[in-house]
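Dear colleague,

I am handing over the structure that follows, and below it I set out what was found in it. Please read the notes with the model open beside them.

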Amino acid sequence: MAEPSPVGSDLAAPVSPARVIRATAVLAAPVALVLLALVGYAGLALPHAALAFVALVAGLGIIAYRHATALEAVRRRIEALSRDEPHSSKEGHGGMPGSAFGLAEAVAELDRTWSRGRDVLRSVSAANAAILEAIPSPLILVDGDRRVTRANNAARALFGETLAGRDLDTVLRHPDVLEMADEYLAGRPGAATIDIAWPGPPDRHFVVRFAPLPDAGPSEGFLLVLHDVTALKQAERMRADFVANVSHELRTPLSALLGFTETLRGPARDDAPARERFLGIMHEQAQRMTRLVRDLLSLSRIEELEHTPPTEAIDIRRVVGSVVDTLALQAKAKGVTVEVDIAEDVPALTGDADQLAQVLQNLLDNAIKYARTGGQVRIAGRKTASAPARVITNAARGRGQPLPPYWVSVAVADDGEGIAREHLPRLTERFYRVDAARSRQLGGTGLGLAIVKHILNRHRGGVAVDSEVGRGSVFTVWLPGGRP
Ligand SMILES: Nc1ncnc2c1ncn2[C@@H]1O[C@H](COP(=O)(O)OP(=O)(O)O)[C@@H](O)[C@H]1O
Ligand SMILES: [Mg+2]
């Protein structure tokens, strides 16, 4: 022991004096016996022997104290490590006695290595947790007892905040899911997916993917990922409905044409008045199919352009004027007067003139069709500060763009039969009609308002309906103003 011991005050490792004394006594006992023997048999003077003994005890005491302190410090450090307690780096170096066979330094080094490992582990697991949370699909970890051990944000949003610890049975109560869960708990290898319908409202569809955890036996549980395919299923259904609707719309005029051609070739071959009448009906049916095909083509073209904003500068007065001219004959035939009132301050707009003419033509056509005979239709254009909430939501739709500084509204009001409240939300659906037979009889395809909606979507505007049965309807077009 050449150097003074660095037993540090900061270490403050209280070593019990009894322990030091005991150790010293054990170490000193053999020497004491030898000294006694020397006094008894070899004539060593007792005072000399006593002096030697005292010196020996003092030396051994210092050594025992130092070792006990160092070992105590090492013990404390190991204890702290096993409890995963943080500690200062100062303690790691200066506080540790430099002896005790280098044990203290070795432990300190081990501690540093471990703490680096722990830091890496912590940051990896924090990153994993962040990734798990950010995944938009609901993700659930299930343990060997079929209990949820972890769930990400999306899963909690779907099944509620208190997911952890619940039996899967109470979270996703679906026979196919539970059956598959049991298979995985019994050790089924590999991943598997199943489709489930989740009764609403609103009804939803999920593809559920099961996967065992890597490097884990069946008792460790498995992972569940849900993929929401509701929108996909809906689109599939809409497409199927659409095809069915189009086929249905075409079938009636086609079978009429077939029937009349057969009659004309057979029984009515020589019946001139019947022939005239049948040809008239056939012409009407052919026109009906032409209108349907025209509207369908128009709709698909509009959908194609829906995400390309229009750029033309247009004057709404001129658009309204030309539409009114186009339908003047039709209005006159029904004795309907059309009144136009566009306010002075309505400015020019950015839009697609042809498409906006199509919008107004559809609305005016409906208004005339459904107006009273001899009734009145009013078209009013206004510049306003705001629009109905639903139109604004539609205009801002996920694009994070600033709202327009003002709006231009064009209202088409008739004094016809009006529309019952329950029909209003569905009017812009394709082929939706309050009275299908009546609409067909009036030459309608049921696509007019769907076309209106899509054109206004492209203009980032909207259409609002206000109607009262027996009093008439007001269809108002909203267009954002002040855009370059
Ligand atoms: N001004 C109106 N008054 C009463 N009902 C209307 C009016 N406009 C539209 N409708 C109803 O909305 C349905 C859908 O309109 P639309 O898509 O233009 O199809 P249609 O080809 O029948 O005109 C119509 O069938 C009719 O029932
Ligand atoms: Mg119409």
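To begin with one residue, F431 counts as partly exposed because it has 17 C-beta neighbours inside 10 Å; here a residue is buried if 20 or more other C-beta atoms lie within 10 Å of its own, exposed if 12 or fewer, and partly exposed in between, with C-beta atoms placed from the backbone. F431 is found in the loop between strand 10 (406-414) and helix 14 (436-441), and its phi is near 65 degrees, a positive value in a residue other than glycine. Helices (H or I, at least four residues) and strands (E, at least two) are DSSP runs, numbered from the N terminus.

This is a predicted model, in which local features need pLDDT of at least 70 and side-chain atom pairs count only at pLDDT 80 or more, while totals for chains, interfaces and linings use all residues. Residues are numbered from 1 along each chain as its sequence is written, and chains are lettered from A and ligands numbered from 1 in the order in which they are written.

R146 also has a positive phi, near 65 degrees, and is not a glycine; R146 lies in the loop between strand 1 (139-142) and strand 2 (148-151), and with 18 C-beta neighbours inside 10 Å it counts as partly exposed.

As for the chain, its secondary structure comes to 15 helices and twelve strands. Its radius of gyration is 45 Å, well over the 23 Å that the globule rule gives for 484 residues, so the chain is more spread out than a compact globule (the radius is taken over C-alpha atoms, and the rule is 2.2 Å times the number of residues to the power 0.38). Along the principal axes, the C-alpha atoms fill a box of roughly 165 × 60 × 35 Å, and buried residues make up 24% of the 484 residues.

Helix 12 (residues 353-370) and helix 15 (residues 448-458) pack at an angle of about 145 degrees, with their axes 9 Å apart; axes are lines fitted to C-alpha atoms, for helices over the stretch in contact, and angles run from 0 to 180 degrees between N-to-C directions.

Around ligand 1 there are 20 residues, of which Y370, V434, S439, G444 and G448 come nearest (a residue is near a molecule or strand if its C-beta atom, placed from the backbone, lies within 6 Å of it). Helix 12 and helix 15 are the elements that give two or more residues to this shell, and helix 12 gives the most, with four residues.

With best regards
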